[in-house]
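Reader: I would like to go through this model with you, starting at the ligands and then moving out to the helices and the chain as a whole. Could you take my questions one at a time?

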Amino acid sequence: MKMSKLFVQTLREFPNDAEAISHKLLVRAGYIKKLANGIYTYMPLAQRVLAKISNIIREEMNASGAQELLMPFVQPAEVWQKSGRWQVYGKELLRCKDRHDNDMCLAPTHEEVITSVVSDTINSYKQLPLNVYQIQSKFRDEIRPRFGLLRGREFIMKDAYSFHTSQEDLEREYQVMADTYTKIFKRCGLETRAVQSDSGAIGGSVSHEYMVLTDTAVGENDVFYCDSCGYSANSNHAISILPSEITDGGFLKEEIVDTPNVKTIEDLAKFLNINENCILKAVAYIYDSKPAVVMIRGDKEVEETKLLNALNALEIRPMEESEVVEYLGSSAGFISYRGIDKTKVKVLFDKTAKGMKNFVIGANEKDKHIVGANLEENIDFVDVSLVKEGEYCSVCKKPLKVTRGIEVGNIFQLGTKYSKPMNACYTDAEGQLKPYIMGCYGIGVSRTMAAAIEKYHDDFGIIWPKEIAPYHVDIVPVNIDDEVQSKVAYDLYDKLNKLGIEAVIDDRSDRAGVKFKDADLIGFPIRITVGKTISDGLVEFKTRNDGVVEKITPDEAIEKCQKILLS
Ligand code: ATP
Ligand code: MG
């Protein structure tokens with residue numbers, strides 16, 4: 001490819017609407033163009049990276065025995081009504097009508113369609129197991145599309161679905177997919193960690209996320225892990241053992257005390273001269289338009305995905321101050337579970353409340369708290385609290401650590417979540433109709449590309465792992481009008497391409513500095529500069545990842561490319 005012909009425009013500045021470094025670099029280096037919020041055109045450089053990631057996925061999925069197909073992106077409501085998700089999938093499902101007034105939607109995922117396809121095609125247990133996959137655009141009307149390709153509204157996903165006659169066979173395939181995922185990401189130059197996770201809108205009981213661990217703030221997931229036994233889980237699923245602490249407030253008598261203008265837990269602890277863990281905090285939510293109050297130890301936070309699951313709800317949000325007055329008859333900062341009409345307000349006790357004694361709670365009255373309170377008997381506790389670093393691993397009791405991660409893949413054991421409601425069955429050896437036992441397995445193809453940039457970049461631009469770089473080598477003649485430089489550069493270009501090494505020649509008449517800047521920004525793994533030293537028979541060979549520069553002959557440069565790229 002000649003740089004003068006490459007359909008790319010690099011920018012001098014970062015876009016001002018971008019926070020994540022991958023978003024900034026993808027725009028500035030000319031990989032993506034925004035059409036609307038969360039919707040991008042993948043320019044030729046990006047398309048080459050996506051094709052490489054997709055090819056790695058294809059090779060490994062095919063090697064695992066899965067078969068590729070392609071399902072419709074625009075889908076009728078019927079299949080979604082059949083599974084029951086038409087009603088429960090939130091606003092991320094973009095619904096529309098066709099010209100005949102039929103309800104339709106843009107596919108955010110394909111469990112419904114594949115279940116109906118397989119159900120129409122497979123009748124006998126003899127035709128199972130089966131694993132099919134596709135690589136395709138998805139649409140999710142994300143509430144906050146941000147960070148460029150990390151969280152788009154339209155994005156590319158590989159999604160696979162497997163069908164089995166037993167839980168054991170599903171577990172076998174789940175392990176095959178787990179191994180396949182590790183291989184795929186490794187081949188993309190990315191180390192991943194498989195972590196236990198919540199199953200979210202896809203459903204099912206067991207699921208693991210493949211996380212690229214990052215220090216950057218854009219990893220939207222906190223991962224808690226244990227170095228000692230290998231336990232790791234997304235914060236929405238992580239559990240811990242609390243360090244033993246004194247949670248006895250020491251108040252010998254239950255009484256109401258004045259706490260004027262003391263609203264936060266921190267202020268209350270200071271005011272009463274106690275630790276925050278001797279306060280039983282009430283946190284109020286609205287779930288599916290109904291009120292709920294969570295009682296949790298003062299120093300702990302509510303984990304909202306855990307709460308969503310505990311409430312069996314579709315949506316939750318914190319209560320507004322006016323709603324606290326309306327639903328709880330209290331004022332924010334002074335809420336208590338006592339005195340609340342439990343037929344109207346759902347009250348949950350987090351397990352961190354267990355064992356607390358003589359503690360402090362709100363008095364359901366402005367500027368007043370109760371001290372010396374104790375919980376009633378027979379309370380059912382739930383786990384809706386967020387784990388904190390330093391709490392202990394529930395498996396081996398060593399301290400947990402935390403890091404941030406970008407979820408690039410997710411595998412699920414679905415069981416019969418879709419086959420049962422959709423009545424998708426096969427006939428077993430005894431002639432009985434049984435619902436398929438299913439698994440599903442996703443990879444964010446476009447997110448993987450962005451995650452690689454999050455992981456590999458410097459102040460000058462992207463540093464692609466060689467396996468997914470759009471091109472391998474950038475050949476830069478310093479002065480394209482110099483006959484010798486131009487001849488050596490084109491000679492290198494032809495030879496490399498013949499060897500299957502993807503080379504670009506920067507044939508533009510720009511200054512060398514401009515060309516070097518673009519080379520670093522775009523992220524070619526190797527740059528070969530043909531300049532004045534060619535009079536001594538030497539070119540400059542630079543590797544992008546370590547910045548090392550060497551003066552070698554053109555033939556040595558070719559050998560070196562082969563060694564680095566084809567090994
Ligand atoms: P998230 O929790 O990040 O919203 P998810 O768990 O809802 O993602 P899955 O249904 O598991 O997503 O989809 C499979 C994969 O698709 C994810 O692991 C992720 O890599 C990718 N993906 C999901 N949503 C997006 C998005 N909005 N933009 C880019 N990639 C996405
Ligand atoms: Mg997921």
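Reader: How many Å from an oxygen atom of ligand 1 does a polar side-chain atom of R447 lie?

Author: Please keep in mind that this is a predicted model, and that a pair of N or O atoms counts as a polar contact within 3.5 Å. The pair formed by a polar side-chain atom of R447 and an oxygen atom of ligand 1 has a distance of 2.9 Å.

Reader: Which residue has a backbone N or O atom 3.2 Å from an oxygen atom of ligand 1?

Author: Around ligand 1 there are 16 residues, of which R140, E142, R151, G152 and E407 come nearest. The contact you ask about is made through the backbone, with an N or O atom lying 3.2 Å from a ligand oxygen, and the residue is V408.

Reader: Why do the buried residues of helix α11 line one face of the helix?

Author: The residues concerned are Q485, S486, V488, A489, L492, Y493 and L496. An α-helix has 3.6 residues a turn, so residues three or four places apart point the same way. On the other side of α11, E483, K487 and K498 are exposed. Viewed down the axis of α11, the buried residues line one face because they fall within an arc of 165 degrees.

Reader: Which residue caps the N-terminal end of α11?

Author: The cap is made by a side-chain oxygen that lies 3.0 Å from the backbone nitrogen of V484. After the helix comes G500, whose phi is positive, near 85 degrees, whereas the residue that caps the N-terminal end is D482.

Reader: Which residue just after α12 takes a positive phi?

Author: Helix α12 spans residues 512-522, and its buried residues include A512, K515 and L521. Among the elements that cover these buried residues are α1, α2 and β29. The phi just after α12 is about 95 degrees, and the residue that takes it is G523.

Reader: How far apart in space are G249 and K357, C-alpha to C-alpha?

Author: G249 sits in the loop between β13 and β14, and at 15% relative accessibility G249 counts as buried. Leaving out residues up to four places away in sequence, G249 touches I274, C278, K357 and N358. G249 and K357 are 108 residues apart in sequence, yet their C-alpha distance is 6.3 Å.

Reader: What share of the contacts with a separation of 6 or more in the protein chain comes from residues 24 or more positions apart?

Author: The protein chain has 13 helices and 33 strands, and its C-alpha trace spans about 95 × 65 × 50 Å along the principal axes. Buried residues make up 53% of its 567 residues. Of the contacts with a separation of 6 or more, the share from residues 24 or more positions apart is 69%.

Conventions: Residues numbered from 1 in each chain as written. Chains lettered and ligands numbered in written order. Predicted model: local features only at pLDDT ≥ 70, side-chain atom pairs only at ≥ 80, totals over all residues. Heavy atoms only, no water. Buried < 20%, exposed > 50% of the residue type's maximum accessible area, 1.4 Å probe, protein only. Helix = DSSP H or I, 4+ residues; strand = E, 2+ residues; numbered from the N terminus. Arc of directions from axis to C-beta. Polar contact = N/O pair within 3.5 Å; in protein donor to acceptor, adjacent residues only side chain to side chain. Near = heavy atom within 4 Å. Contact = heavy atoms within 4.5 Å.
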